[in-house]
Every structure is written in C-alpha cells, then in structure tokens.
Amino acid sequence: LPKKRLSYQYHYKRDENWVIVSGKAKVIIDGQDNLLEKGDHICIKREQKHRVENIGEELLGFIEVHTG
C-alpha cells in the first residue's frame, strides 16, 4: 500500500532477489537507500539488513526469489 513499509530484517541462510513489477520503492540495505521503479531489480545477500518501502501513490508490486 502507498506509504507503507516492511520490517527491517535479515536472514542467515538465504539471499533474496527482488524485481519491481509496479510502483516505486525505496529499498534499504544495511542503511543505504536504493530507489527502484518498475523493471528494476536488486540483490540482497545473506545477513544484510533490509526493508522495502512504497514511496509512490499506487500499489507496489515486487517478486521476491529466495536462494539458499
């Protein structure tokens, strides 16, 4: 939903790859902001602290693929 975010978290045993399919996102990885839009992707390595936030006015959609 617009202006909402997930909790700041990390994982010991998996990496994650996120692909933005709609909307605009701010992805925070270890305290660094990354601004992403539809078609962008980002890789999150194990034990990196991360969160995604919807910074747009429309719904944010992303695909998350876990490895490990």
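Is W18 buried or exposed? In this predicted model, whose residues are numbered from 1 along each chain as its sequence is written, W18 counts as buried at 2% relative accessibility; here buried means under 20% relative accessible area, exposed over 50%, and partly exposed in between, with a 1.4 Å probe and protein chains only. Local features need pLDDT of at least 70 and side-chain atom pairs count only at pLDDT 80 or more, while totals for chains, interfaces and linings use all residues; side-chain values use heavy atoms, with hydrogens and water left out.

Aromatic pairs were assigned between rings of Phe, Tyr and Trp (its six-membered ring) with centres within 6.5 Å, planes under 30 degrees apart counting as stacked, over 60 as edge-to-face and the rest as tilted. By this rule there are two aromatic pairs. Y10 and Y12 form an edge-to-face pair, at 5.4 Å centre to centre and with 80° between the planes. Y10 is partly exposed, having a relative accessible area of 39%, and Y12 is exposed, at 57%. The rings of W18 and F62 lie with their centres 5.0 Å apart and their planes at 45°, so this pair is tilted. The pair links distant parts of the chain, with W18 in strand 1 (residues 15–22) and F62 in strand 6 (residues 61–67), 44 residues apart. F62 counts as partly exposed, at 26% relative accessibility.

Strands (E, at least two residues) are DSSP runs numbered from the N terminus, and two strands pair if DSSP finds at least two bridges between them. An open sheet is formed by three strands in the order 4-1-6, with antiparallel pairing. Strand 4 (41–44) and strand 6 are the edge strands, each pairing on one side only. Strand 1 and strand 4 run antiparallel and are joined by four bridges; N17 stands opposite C43 in strand 4.

A nonpolar core is a set of buried Ala, Val, Leu, Ile, Met, Phe, Trp, Tyr and Cys residues joined through side-chain atoms within 4.5 Å. The largest such core has 10 residues, namely W18, I20, A25, V27, I29, L36, I42, I44, V52 and L60. Leaving aside its neighbours within four places in sequence, L60 is in contact (heavy atoms within 4.5 Å) with I20, S22, G23, K24, A25, V52, E53 and N54.
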